[in-house]
Amino acid sequence: MLAQRSSNWFSRFKARTIAFFSMAIAVCFLAVSCAGGGGSSSSTPVAAAGIPPEIVADYVHTVMAADRTAYTKHVVNRLKKLEGKEKPDGVLDAEATESWQQTDGIPLPAQMFRLGSEIASDGSPFTYNLISTWNINDNHAPKTEFEKKAMDTVNETGEPYKEYQEVGGKKYFSALYPDKAVAEACVSCHNTHPIHLERFPDKVFEMGEVMGGVIINIPLDEAA
Ligand code: HEC
C-alpha cells in the first residue's frame, strides 16, 4: 500500500518534472532564436546566449586559478621536496621539479597548468596560456601585439585587461589576468632559476608583484 502510494507520488513527481524541463527548454529555445533573429547573429553568439564574454572569461579563470591553487596546496605541498629543497611539512617521499620527466618527480604548478592548456587548446579556437615579460619558458613570451600591450598594462596596473580582438579575420574576446607573487616560494624559485638569471639578471621579483598573467581567448564567431 505504502509502496503503491509512493510509486504514485513518484510518477506524479516525474510527470511534473518532465513538464517543467520541457517548458524550460522551450523557453531557452525561444530566447536563443529571438536573440539570434537579427541576421547578424554570427558575430556575437556568446552575448546572444545571455552571458557576456567578460563574465565567461571570469568564470573560466576562476576554475583555472582554483585548480592551480588546489594542486599546489594539496599535492605539491605534501611532497618532501621542491626543486631539491626540503619542505618541512612534506609527508610524501617525492619531489616536484621542473625536470619531472627525467627524474621520478611530478610537475611544478606552472607546468601542470601548461600541460592542461596544451590539451585544451589542441585543435580548438578556445585557447589559454600563462605569459610573462620575464618568462622562463619560451612558450610563455608575449608574442602578438595584443599580448604585449595587454601584458604591459597588467604589469603596470595589477588589474585584469580585457578587450575584443581580431586574429586571422576571426573575432575573439581576450582577457589577461595578473599572476602575482602570492608566496615566498614564487619569488625565490624564479629569482634563482638559471634561465631567469641569464635572461633577466636585473629583474628581482618581490612579494605581491605581477610575475605574469593568464591569457584567455574566447572565440566569438562560432561555438567552439
Ligand atoms: C620551484 C620553482 C617554482 C615555483 C615555486 C614557482 N614557479 Fe613559476 N615557474 C617555474 C618554472 C620552471 C616555470 C616554467 C614552466 C614551464 O616550463 O612551463 C614557471 C613559469 C611561471 C610563469 C609563466 C612564465 C614563465 O616564466 O615561463 C609564471 C607567470 C609563474 N611561473 C608564476 C609563478 C607564481 C605566481 C608562483 C607562486 C604562486 C610560481 N610561479 C612559483 C618555477 C617555479
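H3 covers residues 53–74 and H4 residues 109–121, and they pack at about 135° with axes 10 Å apart. The contact (heavy atoms within 4.5 Å) involves Met64, Arg68, Tyr71 and Thr72 of H3, together with Pro109, Met112 and Phe113 of H4. Of these residues, five are nonpolar, one is polar and one is charged.

This is a predicted model, in which local features need pLDDT of at least 70 and side-chain atom pairs count only at pLDDT 80 or more, while totals for chains, interfaces and linings use all residues. Residues are numbered from 1 along each chain, and side-chain values use heavy atoms, without hydrogens and water.

The ligand's iron atom has His190 (NE2) as its only protein donor, at 2.1 Å; donors are N, O and S atoms within 2.8 Å of the metal, or 3.2 Å for Na, K and Ca. His190 belongs to helix H6, residues 184–192.

Mean pLDDT (the predictor's confidence in each residue, from 0 to 100) is 85 for the chain, with 77% of residues reaching 70 or more. Across residues 17–43 the pLDDT is below 50, and this stretch has seven contacts beyond near neighbours in sequence.

Conventions:
Axes fitted to C-alpha atoms, helices over the stretch in contact; angles between N-to-C directions. Helix = DSSP H or I, 4+ residues; strand = E, 2+ residues; numbered from the N terminus. Nonpolar A, V, L, I, M, F, W, Y, C, P; charged D, E, K, R; others polar.
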